[in-house]
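Visitor: Please show me the structure, and then let us consider it one question at a time.

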Amino acid sequence: MQKPELIKDGKRLDGRDFEELRPLKIVAGIIKNATGSAYLEWGNNKVLAAVYGPKEVLPKHLADPEKAIVKCRYAMAPFSSLEEHGRAGPNRRATEISKVTKEVFENLIMLEKFPSTEIDIFIEILQSDGGTRSAGITAAGVALADSGIPIRDIPFAVAGGKIGDKLAIDFNKIEDNYSDADIPIAISPNLDRVLLLQMDGKMTKEEFSRYLDMVERVSKQIISAQKNALLEKYKVNG
Ligand code: CDP
């Protein structure tokens with residue numbers, strides 16, 4: 001397919017400004033059996049995240065007597081995307097996203113408090129439209145906070161990058177596919193640490209630095225959606 005024009009009359013195809021997020025809504029605690037859970041809608045992405053544990057490690061030989069181990073499964077439902085209809089399931093991409101997501105949370109959970117146990121994080125993409133790894137991390141951060149498992153911070157993530165000579169945030173699928181650079185990033189705002197950084201494409205150092213500034217500016221909206229989800233669940237009536 002020929003590369004589509006992603007910017008028309010100074011606007012993105014969905015009418016957004018370059019620094020505008022898609023609508024973001026998060027609900028905490030919707031899966032009763034889970035220790036913690038969250039449902040997130042971000043543009044056309046729909047994501048469920050559930051956390052279980054700390055619990056017995058299976059198989060047993062994986063147990064670490066010093067700390068808890070984290071398992072993470074990111075999966076796209078077979079009906080989540082028109083493109084891959086019926087073909088989703090474990091594949092290289094899902095394995096990679098599960099791995100980088102696990103590393104985000106290993107750096108935040110107080111694993112040393114729960115030796116010889118495991119903590120499971122499940123991320124299910126019900127509907128996908130670009131930026132699902134970021135949406136998954138943002139949702140799982142809320143699910144983990146909802147679980148009450150001690151964490152150093154709630155991470156958020158977002159993906160954007162470069163379209164022609166413009167920088168833009170929160171790419172949808174068509175932007176993700178045809179941009180000149182696509183950069184998902186996960187951040188711990190309180191620890192001021194980058195927990196995931198990937199890049200597909202090219203960008204100058206100066207552009208990258210401006211991109212980080214853009215991420216910082218939009219971060220407030222993502223963090224506030226996460227906090228509101230938790231406040232909504234735990235607010236005391238009256
Ligand atoms: O979702 P994310 O941007 O983190 O990952 P990606 O690998 O860059 O994929 C971009 C988008 O392509 C996804 O969000 C999906 O909408 C779509 N995709 C798909 O429909 N089927 C796949 N097997 C992989 C990606």
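Visitor: Where does Pro-59 lie?

Guide: This is a predicted model, in which local features need pLDDT of at least 70 and side-chain atom pairs count only at pLDDT 80 or more, while totals for chains, interfaces and linings use all residues. Residues are numbered from 1 along each chain as its sequence is written, and side-chain values use heavy atoms, leaving out hydrogens and water. The peptide bond leading from Leu-58 to Pro-59 is cis, and its omega is near -10°. With helices (H or I, at least four residues) and strands (E, at least two) taken as DSSP runs numbered from the N terminus, Pro-59 is placed in the loop between E5 and E6.

Visitor: In which strand is Pro-54 found?

Guide: Gly-53 and Pro-54 are also joined by a cis peptide bond, with omega about -5°. Most peptide bonds are trans. Pro-54 belongs to strand E5.

Visitor: In which loop is the place of Asp-9?

Guide: Although Asp-9 is not a glycine, its phi is positive, at about 50°. Most residues other than glycine have a negative phi. Asp-9 sits in the loop between strand E1 (7-8) and strand E2 (11-12).

Visitor: What is the radius of gyration of the chain?

Guide: The chain has 4 helices and 12 strands, and its C-alpha atoms fill a box of roughly 55 × 45 × 35 Å along the principal axes. The radius of gyration is taken over C-alpha atoms, and the globule rule is 2.2 Å times the number of residues to the power 0.38. For 238 residues, a compact globule would have a value near 18 Å; the chain agrees with this, at 18 Å.

Visitor: Which strands stand at the edges of the open sheet?

Guide: The open sheet is formed by 5 strands in the order E3-E4-E5-E7-E6, and its pairing is mixed; two strands pair if DSSP finds at least two bridges between them. Each edge strand has a single partner strand, so one side of each is left without a neighbour in the sheet; these are strand E3 (24-28) and strand E6 (69-76).

Visitor: Which residue is the bridge partner of Val-47 in E7?

Guide: Within this sheet, strand E5 (residues 45-56) runs antiparallel to strand E7 (residues 117-127), and 9 bridges join them. For Val-47, the bridge partner in E7 is Ile-125.

Visitor: Which strands does helix H4 touch as it packs on the sheet?

Guide: Contact means heavy atoms within 4.5 Å, and axes are lines fitted to C-alpha atoms, for helices over the stretch in contact, with angles from 0 to 180 degrees between N-to-C directions. H1 packs on the sheet by touching E6 and E7, and the direction of H1 makes about 140° with that of E6. Helix H4 (residues 205-234) has a direction at about 30° to that of E3, and the strands touched by H4 are E3 and strand E4 (36-42).

Visitor: At roughly what angle do the axes of H1 and H2 cross?

Guide: Arg-93, Ile-97 and Phe-105 are among the H1 residues in the contact, and Ile-137, Ala-140 and Leu-144 are among those of H2. The axes of helix H1 (residues 92-106) and helix H2 (residues 132-147) come within 11 Å, and the crossing angle is roughly 40°.

Visitor: Which residue takes a positive phi in the hairpin of E10 and E11?

Guide: Strand E10 (residues 181-188) and strand E11 (residues 193-197) run antiparallel and are joined by 4 bridges. Ile-185 has Leu-197 as its bridge partner in E11. The hairpin has 4 residues between the strands, and the residue with a positive phi, near 55°, is Asp-192.
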